[in-house]
Amino acid sequence: MTVRQSRTDAPTPSPRTEALAPRRFPAGFTWGAATAAYQVEGAVAEDGRTPSIWDTFSHTPGAVLHGDTGDTACEHYHRMPDDVALMSELGLGSYRFSVAWPRVRPDGGAVNPAGLAFYDRLVDRLLAAGIDPWLTLYHWDLPQALEDAGGWTNRETAFRFLEYAASVHDVLGDRVPTWTTLNEPFCASLLGYTAGHHAPGRRDGAAGLVAAHHLLLGHGLVVEELRRRGVEGERGRLGVSLNFTVADPHDPTDPIDVDAARRVDSLHNRLFLDPVLRGRYPEDLLTDTQDLSWAGASWTEAVRDGDLALIGAPLDVLGVNFYHGNAVSGHPHTEVMARDADKPPRPTSSPFVGSEHVTFPSRPLPVTDMGWEVQPDGLRRLLVRLHDEYGAPPIYLTETGAAFADAPDGQGRVHDPDRIAFLDAYLRATQEAIAAGVDVRGFFHWSLMDNFEWAFGYAKRFGLVHVDYADQRRTPKSSAHWYAELARTSTLPEGEPERWLR
């Protein structure tokens, strides 16, 4: 697998060192693909939509690689019927999409019927094609007007989120079976408010922790309201999608490295996992961050009586997003993992507030075009941990995938054997977790098509479907044909990737 390594002197291991036998997934396993509104829709000023924080951020010089924006993206807003037809051709059982808050409630204000009408049509198209809609309410596109009032550092934003979610449920609640409140609150909070790597691009230290709490509060408020409306059992499922790392100490015999890994696990994983599944923040996190203040007081003043009971209400599903883990050290290292390769020029900070000293030494593992390690065993260990330590509800892998430098060949075909090998390895790791007793019920590939990849613009391609951004032509890659066969049979196919080139 792949063309780059996390250490230049290390051999490239391959997940396909020998022929691998076919393996079947459990009956009823869901096969899907995922996108997000700002990454695919375009039409950013049509039918009443107003700017989100990502519109503002992407137009900020130096914030996004090559100055790219989501103004056009994949034109999914206008090409949606054809895109749903393509999903059907690929045999997808479910499509995970997000709703654009500034399309539904422009500027965070009154409901915009024209914006909701798009998602009404989308859901009807999906159902007519036999594809289950999997709806995400928040995939980072906060209305800019709400950010101007403090954004997620303002507690009132959680209540505006509740109003927005209720508006979406009013129209789609009779047809959408699965509702995800948040996607990757780690990115929306610590990358957006502490590191400045994501919108709104703030570098305000403990603001990321306050934003994280208010995001989780919004999650809890929405879960409470949708439960009140009867979303449970046959009337739907509620969940949240968290993105995880697996933090391994660079030297497991060094207490400083062990502590550094604990800190990363705390801020990346347990800051969100513990309140959602245990109704409390981790004690070590509170100790590590007790001296961090926001607006003249400890950031923990954002946590009010009753908040954690709301946040920790039972869920029907847990969405797991996993791309890679990390070796972590508390010492300086000159040879570090190429995290988020080819960063935009705008200065950023560490998202690990209070633990900015941690480093991420490189390991002899293959890496993707993002500079992210390919680590299927990390996925297996994560899934087992969620089962053993947290007693997690049924798990769906709501995002897993890899970016590679895909391009059409002379016949216009797009051959991506590295992606097929990546998926095969990660899915076999998933099967090992299932065999160990973990209740994993579905897999959503990130992403359905190449799209606007946040701060990396259009430079990174994760899609099963290649998009020519000059004319919006969609070309299913060899991985799309491989995945279609997997969706049809629910069995990891035998044979080398060349078999799937069409």
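Throughout this section, a residue is called buried when its relative accessible area is under 20%, exposed when over 50%, and partly exposed in between (1.4 Å probe, protein chains only). The model is a predicted one, in which local features need pLDDT of at least 70 and side-chain atom pairs count only at pLDDT 80 or more, while totals for chains, interfaces and linings use all residues. Residues are numbered from 1 along each chain as its sequence is written, and side-chain values use heavy atoms, with hydrogens and water left out.

Helices (H or I, at least four residues) and strands (E, at least two) are DSSP runs, numbered from the N terminus. Arg263 is buried at 17% relative accessibility, whereas Asp259 is partly exposed at 27%. The two residues also take part in a network of salt bridges that links Asp259, Arg262, Arg263, Asp265, Arg270, Asp284, Asp288, Arg385 and Glu389.

Two further pairs are worth a look. Asp55 and Arg49 form a salt bridge whose closest N and O atoms are 2.9 Å apart; Asp55 is buried with a relative accessible area of 9%, and Arg49 is buried too, at 7%. In the pair Arg461 and Asp450, the closest N and O atoms are 2.7 Å apart.

On a 1 Å grid over the protein atoms alone, a cavity is a set of points where a 1.4 Å probe fits but cannot get out, and lining residues have an atom within 4 Å of a point. Grid points are joined across faces, edges and corners, and a volume is the space filled by probe spheres set on the points. The largest cavity contains about 60 Å³, and its lining consists of Phe57, Gly62, Ala63, Gly196, His197, Lys343, Pro344, Arg346 and Thr348. Three of these lining residues are nonpolar, four polar and two charged. In this classification Ala, Val, Leu, Ile, Met, Phe, Trp, Tyr, Cys and Pro count as nonpolar, Asp, Glu, Lys and Arg as charged, and the others, Gly among them, as polar.

The second largest cavity has a volume of about 50 Å³. Among the residues that line this cavity are Thr35, Val40, Glu41, His76, Tyr95, Phe97 and Leu122. Helix 1 (37–40), strand 4 (94–98) and helix 5 (113–128) are the elements giving two or more residues to the lining, which divides into eight nonpolar, three polar and one charged.

Tyr95, a lining residue of the second largest cavity, sits in strand 4 and is buried, with a relative accessible area of 1%. Beyond its neighbours within four places in sequence, Tyr95 is in contact (heavy atoms within 4.5 Å) with residues including Thr35, His76, Leu122, Trp134 and Phe444. The C-alpha atoms of Tyr95 and His445 are separated by 9.7 Å, although these residues are 350 residues apart along the chain.

Some backbone details complete the picture. The peptide bond from Ala199 to Pro200 is cis, with omega near 10°, and Pro200 lies in the loop between helix 8 (185–194) and helix 9 (207–228). Another cis peptide bond, with omega about 0°, joins Trp446 and Ser447; Ser447 is in the loop between strand 15 and strand 16. Ala43, in the loop between helix 1 and helix 2 (53–58), has a positive phi near 50° and is buried at 9%. Trp140 likewise has a positive phi, about 85°, although it is not a glycine, and is buried at 5% relative accessibility.

Methods: 1 Å grid on protein atoms, 1.4 Å probe; cavity = no way out; pocket = protein on both sides within 12 Å on 5 of 7 lines; lining within 4 Å. Salt bridge = Lys/Arg side-chain N within 4 Å of Asp/Glu carboxyl O.
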